[in-house]
Amino acid sequence: MIRDYLRLIVFAAGLLAGVQLPGFVDQYAKRVDAHYQEARRNFAGFQDTADRHFNGDVDAMIEHHLESADVVFREDGASIRRLWLRVQLLTQELAGVQQPFLKRSAHVLFHANDELMAETRVNYTYVVPLDQEAVISGIGIGVLAALFAELILLGIARLFRRSPQAVRRH
């Protein structure tokens with residue numbers, strides 16, 4: 001009887017954790033998009049310069065800056081490179097969160113950007129969405145948690161259960 005209640009508690013905890021997954025993934029994706037939009041706006045002037053003078057080749061523009069005899073121009077080249085790398089990183093991250101739900105969730109859980117993940121965790125607000133993704137995620141994680149707990153309990157029970165041969169000897 002206690003085992004049944006324990007199984008229900010584990011399932012309920014898994015269900016509650018599971019319905020959080022789509023909300024967390026959504027909040028991460030929105031954070032990525034916001035950073036991406038800001039980075040693109042900050043880089044827009046440099047992109048215009050690359051378009052006008054380097055046929056859109058940003059790397060060529062950066063190299064031109066870095067190879068300049070002017071120290072200030074070289075330092076600006078390093079700053080432009082950092083902005084450009086940020087835009088590229090956020091472009092890749094945006095592609096990762098614009099996939100179907102399972103791939104998007106796997107990306108956020110296993111391949112997310114550390115900085116953006118930390119921001120999302122700190123600013124995460126718990127939600128209980130009632131959409132298909134949340135229901136499927138909640139039930140799936142709840143069932144997996146219950147099965148995992150059941151396997152652990154069975155393993156523990158086996159450790160303490162005497163084998164039939166040991167019982168016959170006594």
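**Exercise 1. Determine how helices α2 and α3 are oriented relative to each other in this predicted model.**

Solution. 
Step 1. Locate the two elements: α2 covers residues 58-66, and α3 covers residues 71-96.
Step 2. Consider the geometry of the pair. The helices pack at an angle of about 150 degrees, and their axes lie 7 Å apart.
Step 3. Apply the cut-off: angles over 145 degrees count as roughly antiparallel. Therefore α2 and α3 are roughly antiparallel to each other.

**Exercise 2. Identify which residues of α2 and α3 meet, and describe their contact by class.**

Solution. 
Step 1. On the α2 side, the residues are V58, D59, M61, I62, E63, H64, H65 and L66.
Step 2. On the α3 side, they meet F73, R74, D76, G77, A78, I80, R81 and W84.
Step 3. Sorted by class, this contact of α2 with α3 comprises eight nonpolar, three polar and five charged residues.

**Exercise 3. Describe the largest pocket and state which helix supplies the largest share of its lining.**

Solution. 
Step 1. Begin with the volume, which is about 160 Å³ for the largest pocket.
Step 2. List the lining of the largest pocket: L21, F101, L102, Q132, E133, I136, S137, G140, I141 and L144.
Step 3. At least two lining residues come from each of α4 (101-111) and α6 (132-160). The largest share, seven residues, belongs to α6.
Step 4. Classify the lining of the largest pocket: six residues are nonpolar, three are polar and one is charged.

Methods: Residues are numbered from 1 along each chain as its sequence is written. This is a predicted model: local features need pLDDT of at least 70, side-chain atom pairs count only at pLDDT 80 or more; totals for chains, interfaces and linings use all residues. Side-chain values use heavy atoms; hydrogens and water are left out. On a 1 Å grid over the protein atoms alone, a cavity is a set of points where a 1.4 Å probe fits but cannot get out, and a pocket is an open set with protein on both sides within 12 Å along at least five of seven lines; lining residues have an atom within 4 Å of a point. Grid points are joined across faces, edges and corners, and a volume is the space filled by probe spheres set on the points. Helices (H or I, at least four residues) and strands (E, at least two) are DSSP runs, numbered from the N terminus. Ala, Val, Leu, Ile, Met, Phe, Trp, Tyr, Cys and Pro count as nonpolar, Asp, Glu, Lys and Arg as charged, and the others, Gly among them, as polar. Axes are lines fitted to C-alpha atoms, for helices over the stretch in contact, and angles run from 0 to 180 degrees between N-to-C directions. Angles under 35 degrees count as roughly parallel, over 145 as roughly antiparallel, 65 to 115 as roughly perpendicular and the rest as oblique. Contact means heavy atoms within 4.5 Å.
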